[in-house]
Amino acid sequence: MDPEVQDILTRITGLDLQKVFKPVKQELKPPTYKLLTDTQLEEATQLARLEAQKLLRMAPVLPEREPINDILSEDKILEGMDTAKYMFTDITYNIPHRERFIVVREPIGTLRKATWEERDRLIQVYFPKEGRKLTAPPVFKEENLKVMYSQDRHVEVLDRCLVQFEPDSSDYIRVHVTTYEDVERQGKYDLLRSTRHFGGITWYLVTARRVDRLLVDMLQKDLLQDAESLVSLFNMVHPHSETAQEAARLQASGTDLLKVYAKFESQRAGYIELALQAYEQSPAESSAV
């Protein structure tokens, strides 16, 4: 992903230290107290910010991997010699998993390359990844995802998805899309804000040209700079759109950039214009008081 795009997505994500370092369920231990000077407190806060930025690093976004259907040989002489498949795996340690040679001998004598699902399972057997199961937990079934969503546990779903699936697998993409769609449908963007998943849903909505509701949400929360960054990102991803070309022609920035988007692209122009009017009136009312 382009560095400028990553920079915009990072800015939009936000940095709420209390949310990033919120308590997690674990074995109870006695708390540790430290007495710090103002200087030491400032240094500790800065270190916490740096650590938070690492934790907020955007989750991978990749196209779905192509299926593996390569047949290496058809050995009819072996047909019927067994009823089970035989899998052969190169377990050399210094080979990247994507380059690891894994083949399957079928009961009918066919020797083929392992499918992605078979590869993932065998690699987990020989090179276990902490937190990953050999078979996907039931939580990723559609009916169970709905229960998780009803409890606002979208971040938990996405965190577990990162551990369980490879980022270009169909299940990884399915769970992310389903979760993003539920957040979008309910307008609960704050659930993902200041998490490593906010950049993902933003990118998903931008590429699908569906940023209207998110844009209105930002304006209603007085996140004007985020709203401007969102429209700038939209114009970068869709440079041939009317709004991108008009913004470039006018060299629009600030609220003017948002007005151009509302006029040429938005399906909710009225909402955006009202939100902008409310934002522009707020400083005037404050100065009048």
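**Notebook: a first look around**

Arg185 and Asp182 sit three residues apart in helix α7 (residues 170-186), so about one helical turn separates them. I take helices (H or I, at least four residues) and strands (E, at least two) as DSSP runs numbered from the N terminus. In general, an α-helix has 3.6 residues a turn, so residues three or four places apart point the same way.

Before going on, I note that this is a predicted model, where local features need pLDDT of at least 70, side-chain atom pairs count only at pLDDT 80 or more, and totals for chains, interfaces and linings use all residues. Residues are numbered from 1 along each chain as its sequence is written, and side-chain values use heavy atoms, with hydrogens and water left out.

**Entry: the whole chain**

I looked up the overall make-up. The protein chain has 13 helices and four strands. Of its 289 residues, 36% are buried; buried means under 20% relative accessible area, exposed means over 50%, and partly exposed is in between (1.4 Å probe, protein chains only). I also checked contacts, meaning heavy atoms within 4.5 Å. Among contacts with a separation of 6 or more, 64% join residues 24 or more positions apart.

**Entry: salt bridges**

How many salt bridges does the structure hold? I find 22, where a salt bridge is a side-chain nitrogen of Lys or Arg within 4 Å of a carboxyl oxygen of Asp or Glu.

Back to my opening pair: Arg185 and Asp182 form a salt bridge, and their closest N and O atoms are 2.7 Å apart. Asp182 is buried at 9% relative accessibility, whereas Arg185 is exposed at 56%.

Next I looked at Arg193 and Asp217, whose side chains meet in a salt bridge at 3.4 Å, N to O. Arg193 is in the loop between α7 and α8 (198-207) and Asp217 is in helix α9 (residues 212-220), so this pair ties together parts 24 residues apart in sequence. Both Arg193 and Asp217 are buried.

Then came Glu265 and Arg209, with a salt bridge of 2.9 Å, N to O. Glu265 belongs to the loop between α12 (254-264) and α13 (269-288), and Arg209 to the loop between α8 and α9, so the two tie together parts 56 residues apart in sequence. I see Glu265 buried at 14% relative accessible area, with Arg209 partly exposed at 41%.

**Entry: helix α7**

I went back to α7 itself. This helix has 17 residues and spans 24 Å from its first C-alpha to its last, close to the 24 Å expected at 1.5 Å a residue. The expected span is 1.5 Å times one less than the number of residues. Which residues of α7 are buried? I list Tyr172, Val175, His176, Thr179, Tyr180, Asp182, Val183 and Glu184. What covers them includes α5 (142-150), α6 (154-164), α8 and α9. Just after α7, I noticed that Gly187 has a positive phi of about 70°.

**Entry: nonpolar cores**

A nonpolar core is a set of buried Ala, Val, Leu, Ile, Met, Phe, Trp, Tyr and Cys residues joined through side-chain atoms within 4.5 Å. The largest one has 38 residues, and the members touching the most others are Leu192, Phe198, Leu215, Leu219, Leu230, Leu258 and Ile272. I see at least two residues of this core supplied by each of α1 (3-13), α6, α7, α8, α9, α10 (224-237), α12 and α13. A second, separate core has twelve residues, including Ala59, Leu145, Met148 and Tyr172.

I picked out Leu258 for its contacts. Leaving aside neighbours within four places in sequence, Leu258 touches residues including Leu215, Leu219, Ile272 and Leu276.

Leu111 is in strand β4 (residues 110-113) and is buried, at 17% relative accessible area. Not counting residues up to four places away in sequence, I find Leu111 touching Ile71, Leu72, Ser73, Val103, Val104 and Arg105.

Is Glu118 buried or exposed? Glu118, in helix α4 (residues 116-126), is buried at 8% relative accessibility. With residues up to four places away left out, Glu118 touches Lys85, Met87, Val104 and Arg112.
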